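Thank you all for coming.

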Amino acid sequence: MEKKVYDLRIDPDLRDLIPPLSEEEHRMLEDSIVRNGCDTPLTVWNGTIVDGHNRYEICRRHDIPFGIEEKDFDDKDAAMFWMLEHQLARRNLNSYQRSLIGLKYESFYRDQARKRLATSTGGKEARPLQNSAEAEKGNAMDKLGKMVGVSRDTLAKVKELDANADQGTKEQLRKGEISIHKAYTELKNKEHEGETRICERCGEEKPFSEFSIVSKGTSYSPICKECEAKAKQAARDAETAASMPPAEVTGMTVLEGKLAHVPTQLRDDPALFDHVLSLLESATNAYIATCETAISKLQPSMMTEENIDIIRQMIDDAADAVDEMLIQTIAKKNVEVQ
Ligand SMILES: [Zn+2]
């Protein structure tokens, strides 16, 4: 391999695809090249650098010879994808850094999607319906996410952090000292500082920071942290209650000459109303917690007006059935009294 100080082309589009090295990484690379020379050849496509922008800059500045390796690509898109895969495979990058690389390809993916739509509708310029444009955007983010190994939501969070977080936070993210979710939550809380919203469960107006950001998503939970904790506790209680044998008030009787415990009717004592209430409470808690689980599984495509109506009807029917029980019980009591 012939080493010399080649004069190569830099394509800004290609150069900017790769996240810059940190100051420390750059210093280490420079020290090593100045001391030991440049061992790794730069990858070049038709005289343009596709890998080794940092090495090129250092070698040129210090006049240090380097080798090159020619690669053949069909077009710039192909070169970009090779760079993406190469970068992801070579550097030891955390989710934040991988997401940043993925996002560099977002506009590229969108352009491709636009081209596809334009071809499919036969027009020169694509004027897709809002829905298909949104769907394409979502698809592009899903594909990018898969490529760099993070979820679509994580990509969306990193995009916003990259645009709006301060340098200190970005540095922490690069070093993996703070999670993407935590940094995103802090950013959102700062954006909404001094603002309040209403909890859908307790109806109280609280500051944004009293709500958490849903872990699989980018928006605030509709219920406050306190209510979330309560709901979790209720679900745990309901689980415990469900795993226990049903509470029965037992009485003693003589069965085949022996004393035995048998279920009996509750003694007519106003003090035992608490027993009825606690039975009812564990039943309703279990009901609410199970409904919550079921409803949380609803996905956007299932939420048609028709389906929501079916759910509403089901919930109404359940409430009606309980109401009917109460009415019947009261009616029976009135008959007995007469
Ligand atoms: Zn609440």
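Predicted model: local features only at pLDDT ≥ 70, side-chain atom pairs only at ≥ 80, totals over all residues.

Residues are numbered from 1 along each chain as its sequence is written, and side-chain values use heavy atoms, with hydrogens and water left out.

Let me start with the sheet, which is open and has three strands in the order β2-β1-β3, with mixed pairing. Helices and strands here are DSSP runs numbered from the N terminus, with at least four residues of H or I for a helix and at least two of E for a strand, and two strands pair if DSSP finds at least two bridges between them. Because β2 (48-51) and β3 (68-70) each have a single partner strand, they stand at the edges, and one side of each is left without a neighbour in the sheet. From one strand to the next the twist averages 45°, where axes are lines fitted to C-alpha atoms, for helices over the stretch in contact, and angles run from 0 to 180 degrees between N-to-C directions.

Strand β1, residues 42-45, pairs with β2 in the antiparallel sense over three bridges, and valine 44 stands opposite isoleucine 49 in β2. These two strands form a hairpin with two residues between them, and asparagine 46 in the turn has a positive phi of about 50°. With β3, on the other hand, β1 pairs in the parallel sense over three bridges, and there the bridge partner of threonine 43 is glutamate 69.

Which way do the side chains of β1 point? Leu42 and Val44 point one way and Thr43 and Trp45 the other way, and all are buried, buried meaning under 20% relative accessible area, exposed over 50% and partly exposed in between, with a 1.4 Å probe and protein chains only. Threonine 43 has a relative accessible area of 5%, so it is buried.

Turning to the helices, α11 (residues 225-243) and α12 (residues 273-296) pack at an angle of about 115°, with their axes 8 Å apart. The contact, meaning heavy atoms within 4.5 Å, is made by residues including Ala231 and Ala235 of α11 and Ser282 and Asn285 of α12.

Finally, what are the protein donors of the zinc ion? They are Cys199, Cys202, Cys224 and Cys227, each through SG, lying 2.3 Å from the zinc ion; donors are N, O and S atoms within 2.8 Å of the metal, or 3.2 Å for Na, K and Ca, and water is not among the atoms, so sites may look incomplete. Along the chain the donors follow the spacing C-x2-C-x21-C-x2-C. The four donor atoms subtend angles of 100 to 125° around the zinc ion, which makes the arrangement tetrahedral, since four donors count as tetrahedral if all angles lie between 85 and 135 degrees. Cysteine 224, at 0% relative accessibility, counts as buried, and cysteine 227, at 5%, also counts as buried.

How values were computed. Tetrahedral: all angles 85-135°; square planar, octahedral: opposite > 155°, others 65-115°.
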